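Me: I am new to this structure. Pick one part of it and take me through that part closely, then show me how the rest is arranged.

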Amino acid sequence: MEAFETTISKPGPTLQTALRIEIHPLQPGDDATAFRTLNEEWITRHFTLEKKDIETLGDPENTILRKGGHIFLARAVGEFGEAEAVGCVALIPMGNHVYELSKMAVSPKLRGLGIGRSLLEHAIAQAKRIGAKSLFLGSSTKLPNAVHLYEAVGFRHVPPERLPPMPYARADVFMELPLA
């Protein structure tokens with residue numbers, strides 16, 4: 001897969017500065033610490049880590065990548081080429097060309113700058129490229145900005161019984177995006 005790059009404006013105290021964001025796939029063997037850290041931050045801020053979170057974030061290579069899934073990391077690249085992971089999202093295969101869009105997170109210091117939208121649009125484009133028929137997700141009414149973003153890119157609310165079982169007690173919003 002190719003990297004995706006976008007530039008966003010980061011408000012500063014006196015001027016706008018450009019921030020280059022690159023989205024790269026995480027490969028088996030890569031360091032997945034940022035994936036775990038970014039997700040643990042938002043989950044523990046609003047909820048508690050559940051058994052499935054601990055399993056997935058503790059071993060994303062075997063719980064996602066080696067099962068045919070994908071993880072994408074957004075990195076902010078500085079003017080001297082240094083990169084910091086600032087966001088992530090995963091596509092987890094559920095069978096029959098259906099994927100769960102999961103574990104989407106953006107660093108708290110960079111929320112509201114379009115990184116989440118870039119990650120989401122990239123994940124949707126990659127899902128189409130690999131032949132996914134549809135994406136689904138579980139979210140929470142405690143995360144209205146996330147729910148609004150999902151709606152803005154085309155996800156539609158569905159009853160939970162229409163989707164594969166959701167392992168998270170925090171999920172009370174269920175959405176789907178047909179791709180085929």
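Reply: Start with Asp53 and Lys103, whose side chains meet in a salt bridge, N to O at 2.6 Å. A salt bridge here is a side-chain nitrogen of Lys or Arg within 4 Å of a carboxyl oxygen of Asp or Glu. Helices (H or I, at least four residues) and strands (E, at least two) are DSSP runs, numbered from the N terminus.

Some ground rules. This is a predicted model, in which local features need pLDDT of at least 70 and side-chain atom pairs count only at pLDDT 80 or more, while totals for chains, interfaces and linings use all residues. Residues are numbered from 1 along each chain as its sequence is written, and side-chain values use heavy atoms, with hydrogens and water left out.

Back to the pair. Asp53 and Lys103 are both buried. Buried means under 20% relative accessible area, exposed means over 50%, and partly exposed is in between (1.4 Å probe, protein chains only). Asp53 has a relative accessible area of 0%, so it counts as buried.

The structure holds 12 salt bridges. Another one lies within α2 itself. Lys52 pairs with Glu55, their closest N and O atoms being 3.5 Å apart. Both residues belong to helix α2 (residues 51–58) and stand 3 residues apart, about one turn of the helix. An α-helix has 3.6 residues a turn, so residues three or four places apart point the same way. Lys52 has 30% relative accessibility and therefore counts as partly exposed. Glu55 is at 38%, so it is partly exposed as well.

Now look at α2 as a whole. Which of its residues are buried? They are Asp53, Thr56 and Leu57. Seen down the helix axis, the buried residues fall within an arc of 90 degrees, so they line one face of α2. That arc is taken from the directions from the helix axis to the C-beta atoms. The face turned away from the buried side carries the exposed residues Lys51, Ile54 and Gly58. What do the buried residues of α2 pack against? They pack against α1 (33–46), α3 (60–63) and β5. Contact means heavy atoms within 4.5 Å.

Strand β5 leads on to the core. The largest nonpolar core has 32 residues, and Leu101, Leu135 and Phe155 have the most contacts inside it. A nonpolar core is a set of buried Ala, Val, Leu, Ile, Met, Phe, Trp, Tyr and Cys residues joined through side-chain atoms within 4.5 Å. At least two of its residues come from each of β2 (16–25), β3 (70–77), β4 (83–95), β5, α4 (115–129), β6 (134–139), α5 (144–152) and β8. Helix α4 supplies the largest share, 6 residues. Another core, of 17 residues, lies apart from the largest one; Ala32, Ile64, Ile92 and Ala105 are among its members.

Strand β5 also matters to the count of pocket-lining residues: with 7, it gives the largest share of the lining of the largest pocket. Helix α1 is there too; α1, β5, α4, β6 and α5 each supply at least two lining residues.

Val173 is found in β8. Its relative accessible area is 7%, so Val173 is buried. Leaving out residues up to four places away in sequence, Val173 touches Leu137, Gly138, Ser139, Ser140, Thr141, Val147 and His157.
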